[in-house]
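Trainee: Could we go through this model together, one part at a time, so that I can check each point against the structure?

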Amino acid sequence: MPEDASTESPAIEIWPGSAYPLGATYDGVGTNFALFSEVAEAVDLCLIADDGTETRIRFEESDGFVWHAYLPSVIPGQKYGYRVHGPWDPAAGHRCDPSKLLLDPYGKAFEGDFDGDRSLFSYSLDVPEPDDVEDQDKPFEDASDLADPDGDVVESEPVAHDVSPRDDFPQHDSLGHTMTTVVINPFFDWQNDRAPRRPYHETVIYEAHVKGMTTTHPDVPESLRGTYAGLAHPAIIDHLLHLGVTAIELMPVHQFMQDQTLLDKGLRNYWGYNTFGFLAPHADYSSNPTAGAAVTEFKAMVRAFHAAGIEVILDVVYNHTAEGNHMGPTISFRGIDNAAYYRLVDGDSFHYMDYTGTGNSLNARHPHTLQLIMDSLRYWVTEMHVDGFRFDLASTLARELHDVDRLSAFFDLVQQDPIVSQVKLIAEPWDVGEGGYQVGNFPGLWTEWNGKYRDTVRDYWRGEPATLGEFASRLTGSSDLYEATGRRPGASINFVIAHDGFTLNDLVSYNEKHNEANGENNNDGESHNRSWNCGVEGPTDDPEILELRGRQIRNIMATLLLSQGTPMIAHGDEFGRTQQGNNNVYCQDSELAWMDWSLAETNADLLEFTKNAIALRNDHPVFRRRRFFEGRPIRSGDQARDIAWLTPMGEEMTPEDWDSGFGKSLTVFLNGEGIPEPNQRGERVVDDSFLLCFNAHHETIEFMTPDGEYAKEWAVALDTAIPTGTSENVIEAGTHVKVAARSLLVLRKTA
């Protein structure tokens, strides 16, 4: 390692400071700096001037392995980093290298960029001769080895480059080739901001990407497109309010890193599942280039959404970092305390455990790593005012040792935390490790992306046989998954489409993925999509196929929005966004992945249909019950139940009907007078009653509207055979009604 080059400027006054809070904290007078490292033998705080020169200050204080100092002269805008002196012993899991300027794990803003220079790596860039190894990719190309940074593809075997220290191995200083951390001004005028705190059963989630949502919108000023300010523009908020959604779930906005392999191909990490700054909003999404400006702009965005009654949920990635595997760069955690922050292979501390397919996994069983995660969550709630989190590959956080343990320390901490426990907590309940698929197994506070709902709805509408019973369970909130843990229907985050996979338009337009633009020979992304192209692969002018695709889109959208649970729709599906069959646009920061707002006019009928379906849900509590259906009479001696399952002929379903190989049609009666739970004021909830007539068959089916105890007259509330879904038809009870092939007819009791 190089000789100690730290210097202390006589012009800088240094006080002992405090070990808490971690990070750089400006108090209006000066800034306290605190960094955890148990392995460090010494730590230098490096203040970086605008001209790139560096002043090193050696920490003299260390309490409980937290190194700290207070500098009364340091104000917001100051750029800084750390150099950690300690053991370089990769075989023992230690990778300290003071030639690397390290980012603060608690940094709240970052500036600059990584340029891929050799100085970012703590080992020689020399590769073995051809006789020694077949694959001779550069180490930086193996840093994360991402086939899918959302974790769906496990990394390839690492190349055996020489990463051992050698006498002739020069140490290259990374200053000037890496980002710097920035001291921020924490003060902001929230103007009496109040969180909407909307309960799950009243929530409709809209998953969106900051840049993709705004970068082509004609009414958003060009200077604001692709930014937090652009997302908060009235044109975007008005669109969401017009739709009727109540929460926007943002794809990763924590500071993330670009992958050199993608940059070399002329691509970029678009999705952002490559985090290294868990307390910092991604700087590239700020319309203001001033250091630290992203923090203020993000807060203003949240304030604008709250003023409109819309919650803000963040997609967070606490399962891994951007440093990748043992061949990755040393930019922060690796050089600060590698063994504390990362899960290392038992008996082989040179290598990293990888439950995410991205090269490493955060060590959620270490107290300081847990503290980082919890401090980050609290910060985003208390200081940034967000309303909840969706946890990427959440099963990784549950791994105490190897197996997934839903009672791991992380969930214990969340359970008892008075701040984090009170916001929306949404798990992506799987990872790529053994036993990682944990749908239905998360603790009581948590809701989950219901992958079984997605698969079942896709299968039903594409005509797969023998899915009727499963379909009924998913339609009614998946009590088989959530009721045993004391959770309600809202625990099921129902989705059919998310960022990862086909758009809704593409789901009904392609049988196969078409990811050639990603430069991986179409080998990336999921191959089993449960999609159906309706007869032609991709674009077509055939009016019959286009009409069928439109119906299928409306069928899926209506089913999603009228199911019990919490629905989530993906941005652009409301007007038919396409990715041309690419189901893994993680690297497509281009028109292929961005919203095409011209489709809002081209497919105005679909936009209107989606608005009508959401309004039907929002207006009628029978579609968003807080408790599961019981299927029993609602009062003693009353034969009317809260829900009834009927054949198309209006007769009670029998076991034989449920097990029928046909399994493509049924009628569901929802009793508006059978809602047992009161509203927030303790008042009884009474609603209209509805019939849902599902026909996934390829031919029109005649349904019989039941009479007697059910109703005397029905009016069409929604019809997926109609482009906008609306109709003035009124139908007498006990009469036949034709339900078009592959369509859903929703009837409302009027008498």
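Trainee: At roughly what angle do the axes of helix α7 and helix α8 cross?

Mentor: Please keep in mind that this is a predicted model, in which local features need pLDDT of at least 70 and side-chain atom pairs count only at pLDDT 80 or more, while totals for chains, interfaces and linings use all residues. Residues are numbered from 1 along each chain as its sequence is written, and side-chain values use heavy atoms, with hydrogens and water left out. Helices (DSSP runs of H or I, at least four residues) and strands (runs of E, at least two) are numbered from the N terminus, and axes are lines fitted to C-alpha atoms, for helices over the stretch in contact, with angles from 0 to 180 degrees between N-to-C directions. The axes of α7 (residues 367–382) and α8 (residues 409–416) come within 11 Å, and they cross at roughly 35°.

Trainee: Which residues of α8 are met by α7, and how many of the residues in this contact are nonpolar?

Mentor: Taking contact as heavy atoms within 4.5 Å, L370, I373, M374 and L377 in α7 meet A409, F410, L413 and V414 in α8. Ala, Val, Leu, Ile, Met, Phe, Trp, Tyr, Cys and Pro count as nonpolar, Asp, Glu, Lys and Arg as charged, and the others, Gly among them, as polar. By these classes the contact has no polar and no charged residues, and the nonpolar ones number eight.

Trainee: Which are the edge strands of the open sheet?

Mentor: Six strands form this open sheet, with antiparallel pairing, in the order β24-β25-β26-β31-β28-β29. The twist from one strand to the next averages 25°. The strands that pair on one side only are β24 (643–646) and β29.

Trainee: How far apart are the end C-alpha atoms of helix α15?

Mentor: The expected span of a helix is 1.5 Å times one less than its number of residues. For the 16 residues of α15 (residues 604–619) this should come to 22 Å, which agrees with the model, where the end C-alpha atoms are separated by 22 Å.

Trainee: Is G734 buried, exposed or partly exposed?

Mentor: G734 lies in the loop between β29 (730–732) and β30 (736–739). Leaving aside neighbours within four places in sequence, G734 is in contact with M704, T705, P706 and D707. Because its relative accessibility is 33%, G734 counts as partly exposed.

Conventions:
Buried means under 20% relative accessible area, exposed over 50%, partly exposed in between (1.4 Å probe, protein chains only). Two strands pair if DSSP finds at least two bridges between them.
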